[in-house]
Amino acid sequence: MLRPMRQPVVHIRLWVLIGDAGYNKDPITAQGIADAFRDADACAAALDDALDHVRPFEAVMADYQRIRDEHALPMYEFTTQLATLAPPPPEMQRLFGAIVGDRNAMDAFVQMNAGTISPIEFFATARVERT
Ligand SMILES: Cc1cc2nc3c(=O)[nH]c(=O)nc-3n(C[C@H](O)[C@H](O)[C@H](O)COP(=O)(O)OP(=O)(O)OC[C@H]3O[C@@H](n4cnc5c(N)ncnc54)[C@H](O)[C@@H]3O)c2cc1C
């Protein structure tokens, strides 16, 4: 079957925000670069699905935003608290008390701080109660 000489071109005015443009937080936990790469990767995958008509644009972007927010929110809250430079709140003091001397838990805390695992993974690894 002959294809038309000129494919119809659809112009769509769309924009998405990734990295610092999507949200930003205090630099004290130095998460910005990892977040930017993670967002770019997830956004590219979502756009790929939309452009391949795997799922509608609105659906893939809603998932992109939801997953980004689920990942970012715990660290955002931790960062916001840390950035005050106020003494750690009682629950944080209990946390430090619970992990001190536990090599796996302390390693996991550093990994969480570096952004290589999420706070949710940290709490699972460290086997400490969230309050
Ligand atoms: C001094 C400093 C130290 C930092 N240290 C760390 C660190 O140790 N670890 C860490 O994880 N993060 C760090 N950050 C944060 C990190 O740099 C950012 O979170 C990260 O670069 C965000 O990436 P991005 O791609 O979202 O935005 P950017 O890296 O800001 O990229 C945006 C790009 O868009 C371009 N641009 C803007 N407007 C337009 C336009 N109209 N048209 C075309 N291009 C445009 C800009 O020129 C820029 O190149 C630091 C930031 C600063 C300022």
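Author: Read along the sequence, the chain follows the pattern α-α-α-α-α-α, with 6 helices and 0 strands. Helices (H or I, at least four residues) and strands (E, at least two) are DSSP runs, numbered from the N terminus. This is a predicted model, in which local features need pLDDT of at least 70 and side-chain atom pairs count only at pLDDT 80 or more, while totals for chains, interfaces and linings use all residues. Residues are numbered from 1 along each chain as its sequence is written.

The part to look at is the pairing of H2 and H3. Two packed helices are described by the angle between their axes and the distance between the axes. Here the axes of H2 (residues 32-51) and H3 (residues 57-82) come within 9 Å and cross at roughly 160°. H2 is therefore roughly antiparallel to H3, a label for angles over 145 degrees. The axes are lines fitted to C-alpha atoms over the stretch in contact, and angles run from 0 to 180 degrees between N-to-C directions. The crossing of H2 over H3 is right-handed, that is, the near helix is turned clockwise from the far one by less than a right angle.

On the H2 side, the contact is made by Asp35, Asp39, Ala42, Cys43, Ala46, Asp49 and Ala50. They meet Phe57, Val60, Met61, Asp63, Tyr64, Ile67, Arg68 and Ala72 of H3. Contact requires C-beta atoms, placed from the backbone, within 7 Å. By class, 10 of the residues in this contact are nonpolar, 5 are charged and none is polar; Ala, Val, Leu, Ile, Met, Phe, Trp, Tyr, Cys and Pro count as nonpolar, Asp, Glu, Lys and Arg as charged, and the others, Gly among them, as polar.

Now the wider setting. The largest nonpolar core has 6 residues: Leu95, Ile99, Ala108, Phe109, Met112 and Phe122. H4 and H5 (103-114) each give two or more residues to this core, and H5 has the largest share, 3 residues. Such a core is a set of buried Ala, Val, Leu, Ile, Met, Phe, Trp, Tyr and Cys residues joined through C-beta atoms within 7 Å. Beyond its neighbours within four places in sequence, Ala108 is in contact with Ile117, Phe122, Thr125 and Ala126. Phe96 lies in H4 (residues 90-99) and counts as exposed because it has 12 C-beta neighbours inside 10 Å.

Key:
Angles under 35 degrees count as roughly parallel, over 145 as roughly antiparallel, 65 to 115 as roughly perpendicular and the rest as oblique. Two residues are in contact if their C-beta atoms, placed from the backbone, lie within 7 Å. A residue is buried if 20 or more other C-beta atoms lie within 10 Å of its own, exposed if 12 or fewer, and partly exposed in between; C-beta atoms are placed from the backbone.
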